[in-house]
Amino acid sequence: HNIPTFIPTKVFWVLIGTNDFGVGCSVDIVFIGILRIVEELRMLRPNSKIVINSLLPRTDKMRGGGDGMLFGTSPHKIWDAIQIVNDRLRKYCKKQHNIFYFDATDLFLRKDKEGHEYIPVDLMNDFLHPSTAGYEAFAKHIVNTLRTMQ
């Protein structure tokens, strides 16, 4: 329990899980791990709101290419796994009181002429972590969401 009890917390924003795929965790393990953290927060601060952020888009490390495309021949299919976890998180949040889902996917994805999704290099120059421009866009949406929760 590393959350100080003397700090009143109105909202927790949870953005975790994507690195677990990088070390070989399954969809189930990632999903359960996120819920474990959320339940711990709920136990420690039952009156706080919790926002579960979608796992952000990322490319498969094993696919290579460095073009940000979210399709290919990689057997790992991290993007497919992320979408499954995000769908489960969305459904979980709909059934909960004071737990909300924030989908940031569309902030970081674009489509090429053929309709394939990709991550623009200006938003995530390593196709995993938001760049300064990515964080700026992300922050605006987070702030707007928090304002609507007051």
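Which residues does Asn86 touch, not counting residues up to four places away in sequence?

Author: First, the ground rules. This is a predicted model, in which local features need pLDDT of at least 70 and side-chain atom pairs count only at pLDDT 80 or more, while totals for chains, interfaces and linings use all residues. Residues are numbered from 1 along each chain as its sequence is written, and side-chain values use heavy atoms, with hydrogens and water left out.

Now the site. Asn86 touches Ser54, Leu55, Tyr101 and Thr105, leaving aside residues up to four places away in sequence. Contact means heavy atoms within 4.5 Å. Asn86 belongs to helix 3 (residues 78–94). Helices (H or I, at least four residues) and strands (E, at least two) are DSSP runs, numbered from the N terminus. The relative accessible area of Asn86 is 4%, so Asn86 is buried. Buried means under 20% relative accessible area, exposed over 50%, and partly exposed in between (1.4 Å probe, protein chains only).

Asp80 also sits in helix 3. With a relative accessible area of 38%, Asp80 is partly exposed. The C-alpha atoms of Asp80 and Asp60 are 9.9 Å apart, and the two residues are 20 apart along the chain.

Next, the charge and the ring. The charged end of Arg88 sits over the ring of Phe31, 5.8 Å from the ring centre. The rule asks for NZ of Lys or CZ of Arg within 6 Å of the ring centre and within 35 degrees of the ring normal.

Three strands form an open, parallel sheet in the order 1-2-3. Strand 1 (11–14) and strand 3 (99–102) are the edge strands, each pairing on one side only. From one strand to the next, the twist averages 20°. Strand 1 and strand 2 (residues 49–53) pair in the parallel sense over four bridges. Two strands pair if DSSP finds at least two bridges between them. Val14 stands opposite Ile52 in strand 2. Helix 2 (residues 27–44) lies across strand 1, strand 2 and strand 3, and runs at about 165° to strand 2. Axes are lines fitted to C-alpha atoms, for helices over the stretch in contact, and angles run from 0 to 180 degrees between N-to-C directions.

Aromatics come next. The count is three aromatic pairs. Rings of Phe, Tyr and Trp (its six-membered ring) pair if their centres lie within 6.5 Å; planes under 30 degrees apart count as stacked, over 60 as edge-to-face and the rest as tilted. Phe102 and Phe138 form a tilted pair, 6.4 Å centre to centre with 35° between the planes. Phe102 is in strand 3 and Phe138 in helix 5 (residues 132–149), so this pair ties together parts 36 residues apart in sequence. Phe102 and Phe138 are both buried. Phe108 and Phe138 have ring centres 5.6 Å apart and planes at 75°, so that pair is edge-to-face. It links Phe108 in helix 4 (residues 105–108) with Phe138 in helix 5, 30 residues apart. Phe108 is buried, as is Phe138. Trp13, Phe102, Phe108 and Phe138 form one aromatic cluster.

Last, the cysteines. Cys25 is partly exposed at 26% relative accessible area. Cys93 is buried, at 6% relative accessibility. The disulfide count is zero, where a disulfide is a pair of cysteine sulfur atoms within 2.5 Å.
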